[in-house]
Amino acid sequence: RPMSYDLMVFAPEAAPAERAAFLDWYEQQTGWDEDDAGDDPAVATPALQAFYAELAAEFPAAQPEGGESGTDYMIGPSLIYMSFLDWDKIDEAHGAVFRLAAKHELGFFDVSSDLAETWLPDRKGGLRIAHSD
C-alpha cells in the first residue's frame with residue numbers, strides 16, 4: 001500500500017473548472033520537490049488558513065522525527081495538500097477534510113481515490129461533485 005493517504009483542498013476560484021485543465025493545474029501546483037514544499041499557512045488564502053487551523057487541531061502536523069504518524073501538510077497560496085500517515089484514521093481524516101472544505105467553501109480533490117473525484121462548493125454550505133474519471 002502507499003505510504004500515505006493523500007487529499008487536497010483548494011481555492012475554487014484559482015483552479016480551472018474543466019477536468020483536463022484541472023489535472024494539468026494540479027500537476028503544476030504539486031510539482032514541488034521536498035525542499036520547496038512549504039508548511040506555512042500564512043502564504044495561503046484566508047479560507048485555506050481557517051481550514052488549516054481547524055484541521056490541524058484534529059490532525060496535527062507530523063514531526064520530522066515522528067516516523068509513521070501525524071499529517072504532512074504542503075501549503076501553497078491556493079491549496080493545501082495533506083498526506084495522512086495514520087492508516088487507522090483515514091476514514092476520519094476524509095470525513096473531516098470533506099466537512100471543513102464545505103464549511104470554508106473550498107474545493108476538495110480526493111488524490112488517493114481511484115476515481116480522483118473533485119468536489120466544489122455548492123454555495124449552500126455543502127459540496128457537489130465537479131468531475132471524476
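Which residues are exposed on the other side of helix 1? They are Asp24, Glu27 and Gln28, where exposed means over 50% relative accessible area, buried under 20%, and partly exposed in between (1.4 Å probe, protein chains only). The structure is a predicted model, in which local features need pLDDT of at least 70 and side-chain atom pairs count only at pLDDT 80 or more, while totals for chains, interfaces and linings use all residues. Residues are numbered from 1 along each chain as its sequence is written, and side-chain values use heavy atoms, with hydrogens and water left out.

Helix 1 comprises residues 19-29; helices (H or I, at least four residues) and strands (E, at least two) are DSSP runs, numbered from the N terminus. Within helix 1, Arg19, Phe22, Trp25 and Tyr26 are buried. Seen down the helix axis, these buried residues fall within an arc of 120°, and therefore they line one face of helix 1; the arc is that of the directions from the helix axis to the C-beta atoms. The buried residues of helix 1 pack against strand 1 (5-10), strand 3 (79-84), strand 4 (107-109), strand 5 (118-121) and strand 6 (127-131), contact meaning heavy atoms within 4.5 Å. At the start of helix 1, the backbone nitrogen of alanine 20 has a side-chain oxygen of glutamate 18 within 3.2 Å.

The charged side chains come next. Side chains of opposite charge can pair when their charged atoms come close. A salt bridge is defined as a side-chain nitrogen of Lys or Arg within 4 Å of a carboxyl oxygen of Asp or Glu, and by this rule the count comes to three.

Glutamate 54 is partly exposed, at 30% relative accessible area, whereas lysine 103 is exposed, at 52%.

Another salt bridge is formed by arginine 99 with glutamate 58, their closest N and O atoms being 3.2 Å apart. Arginine 99 lies in helix 3 and glutamate 58 in helix 2, so this pair ties together parts that are 41 residues apart in sequence.

Arginine 123 also forms a salt bridge, with glutamate 105, at 3.1 Å between the closest N and O atoms. Here the link runs from the loop between strand 5 and strand 6, which holds arginine 123, to the loop between helix 3 and strand 4, which holds glutamate 105; the two are 18 residues apart.

Notes: Polar contact = N/O pair within 3.5 Å; in protein donor to acceptor, adjacent residues only side chain to side chain.
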